[in-house]
Amino acid sequence: MAPILHVIPTPQSPASPKTTNTLSTPLRGLESCSTMSELKQFQAQIIKLGLSCDNDAMGRVIKFCATFESGDLNYALQVFHKLPNPDTFIYNTIIRGYLQSQLLKESLLFYSHMLERSVRPNNFTFPLVIRACCIDNAVEEGKQIHGHVIKFGFGFDKFSQNNLIHMYVNFHFLEEAMMVFDSMYEKDDVSWTTLISGFAQLGYLAEAFRVFDSNSEKSSVCWNAMISAYVHNNQFHQAFALFERMMSEDVVIDNFIAASMLSACTRLGALKQGEWIVEQVKKSRIDLDSKLATTIIDMYSKCGCLDKALQFFKGLPRKGISSWNCMIGGLAMHGKGEAAIELLKEMESKKVAPDYITFVNLLSACAHSGLIEEGKYYFHYMKEAYGIEPGMEHYGCLVDLLGRAGLLEEARKIIKEMPMSADVGVLGALFGACRIHKNIELGEIIGKQVIELEPQNSGRYVLLANLYAYAGRWEDVANIRKLMNDRGVKKVPGFSVVELEGVVSEFIAGGRTHPQAKEIYAKVNEILDCIKSAGYVPDSDGLQQDIDEEERENPLYYHSEKLAIAFGLLKTKPGAVLRITKNLRVCKDCHQASKLISKVYDREIIVRDRNRFHHFKDGECSCKDYW
DNA sequence: ATAGGGTTAG
């Protein structure tokens, strides 16, 4: 994109004298408006008072129209164009309006206009235009604006500096970001967190840590920035280590740190640690706002404790919409479709209006439980009862629902007829259904599409290769593998973690690095013998022929999940529940084996996979083999 | 009137 700013006129001193008004009643009224029609009534009164060209009065009108949710930016512009001498505040407000609508060109154009008309930008102007440059990576404009910041004398304005750091991180210009940061005499929390989390988002964890560590007066906010940097990069053990260091330095836990740590526990499936954080929240006087409550519900659900999630949810004095949604999502993951529908009804009886996400989660609950008729019903119901138009996510759930049930043609028809074109998520749902129902023809078409839409997603290649393998099309299998190689896409290695007494152990398929590897493998062999006599037959889902016939051991035997279960059986007393978390989906063979293990060893095994939960008990799984 | 950190599906 060509730079928009051509002119940098020399600024002149501000011209228009300030009108002084005592705040009259209609002006006061403006402050309490909530709709455009209300606003227009007050505006009419103001105009009658002869204030139609008054910057102070019209500035308030413009502020409402340009920046409030119920406003109207075009109307703000009409008012603006009637003003003979709009002031800096008014220009800033219009720029803010464009910024909120993510309109880069328009915001910068207005900034240009203000310079051309010699209206002097102030300390509020630059943070806005700097942010505007982030919208479409307007690098050239961003550099120019940086020049203006200095030229107009705001080089040491903290708000401008912090926003410049943000902008350069956004451009991936790490050196420039560091330079602005280093030039600051007094860095505040925002400076530290912007740089640390900015580096972390780009994957530069070591740099982020160096910045963090160089802060001699770390606030809670700064600690959280680094902890959440680790969490976002899946470095959970690092997050825990840093958290412990923080505790040892007597830093007080706040909402954000609690939320970040809960998120780490959730992602790891570390229930014990998660519960400990919840205890800390209860003990300290951290305000349990609805966001934190949602995080806690999510932790319990995703660590496999649906009952504790429900208990916590029910005990909440005030339930925000996100808490209801999260609870419905939790029920969905555990395959409790009917209970999810009940919760929706309870919500309605308590006059809490469900929203867009409520129905995403509800439809997902129907899909996971095979509630086909109910799912279709609620898909229409949300629009009829609440006027919620189905969005991409709802279509994704509907396609998932139909596809899982084997109604592939119906799912395909939905995709054809939906008002927007299906995104990779929706197509991915159909592709997943092709895998379940082994529909090679459709799977090949859709699989190729999703691979091209997301060429870096390794799972899609693997799925298509498996589909080919199932059909015995080995040449196509090889081609897919080659394509992956050529594009440098790496298979995500599968791993499983099991939490025992608060210690989380991680296993990868066939891995032997665990200090007790020998015992674990012996235990797996013992388990296999036991379940074989109970009827276990290795099930590679038709994929086995691809493996070298000479290979002595079946790699299926040492999938990470089986290793984790073996370790769990070794380390726990009879009867204890095993909780396992996987990064990928459970394979058919491990699913079958887990069912038998739960029976033969009389253990409840709760496995969380990428998508959902499996509760194995007495030789059965809660998913009823529908996953 | 300005900025940074947390949650909700597959």
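Which residues point one way from strand β4 (residues 605–608), and which the other way? Ile605 and Val607 take one side, Ile606 and Arg608 the other, and all are buried. Buried means under 20% relative accessible area, with a 1.4 Å probe and protein chains only. Strands are DSSP runs of E of at least two residues, and helices are runs of H or I of at least four, both numbered from the N terminus.

This is a predicted model, in which local features need pLDDT of at least 70 and side-chain atom pairs count only at pLDDT 80 or more, while totals for chains, interfaces and linings use all residues. Residues are numbered from 1 along each chain as its sequence is written, chains are lettered from A in the order in which they are written, and side-chain values use heavy atoms, without hydrogens and water.

**The sheet**

Strand β4 belongs to an open sheet of six strands, ordered β2-β1-β3-β4-β5-β6, with mixed pairing. β2 (503–508) and β6 (620–621) stand at the edges with a single partner strand each, so one side of each has no neighbour in the sheet. Two strands pair if DSSP finds at least two bridges between them. Three bridges join β1 (residues 495–500) to β3 (residues 578–582), and these strands run antiparallel. There, Val497 stands opposite Thr581. β3 and β4 are parallel, with four bridges. Leu578 faces Ile605 in this pair. β4 and β5 (residues 613–617) are antiparallel, again over four bridges. A hairpin of four residues links β4 to β5, and Arg608 has Phe613 as its bridge partner.

**DNA strand B**

43 residues surround DNA strand B; the closest are Arg131, Val221, Asn361, Ser364 and His368. A residue counts as near if one of its heavy atoms lies within 4 Å. Helix α17 (residues 290–302) gives the most to this surface, with six residues.

| Residue | Atom of DNA strand B | Distance |
|---|---|---|
| Arg96 | base nitrogen | 2.9 Å |
| Asn162 | base nitrogen | 3.2 Å |
| Ser263 | phosphate oxygen | 3.0 Å |

**Helix α15**

Helix α15 (residues 255–268) has 14 residues and reaches 20 Å from its first C-alpha to its last, close to the 20 Å expected. The expected span is 1.5 Å times one less than the number of residues. Its buried residues include Ile257, Met261 and Leu268. At its start, a side-chain oxygen of Asp254 comes within 3.1 Å of the backbone nitrogen of Phe256. Gly269 follows the helix, with a positive phi near 75 degrees.

Terms used: Buried means under 20% relative accessible area, exposed over 50%, partly exposed in between (1.4 Å probe, protein chains only). A polar contact is a pair of N or O atoms within 3.5 Å; within protein, one must be able to donate a hydrogen and the other to accept it, and residues adjacent in sequence count only if both atoms are side-chain atoms.
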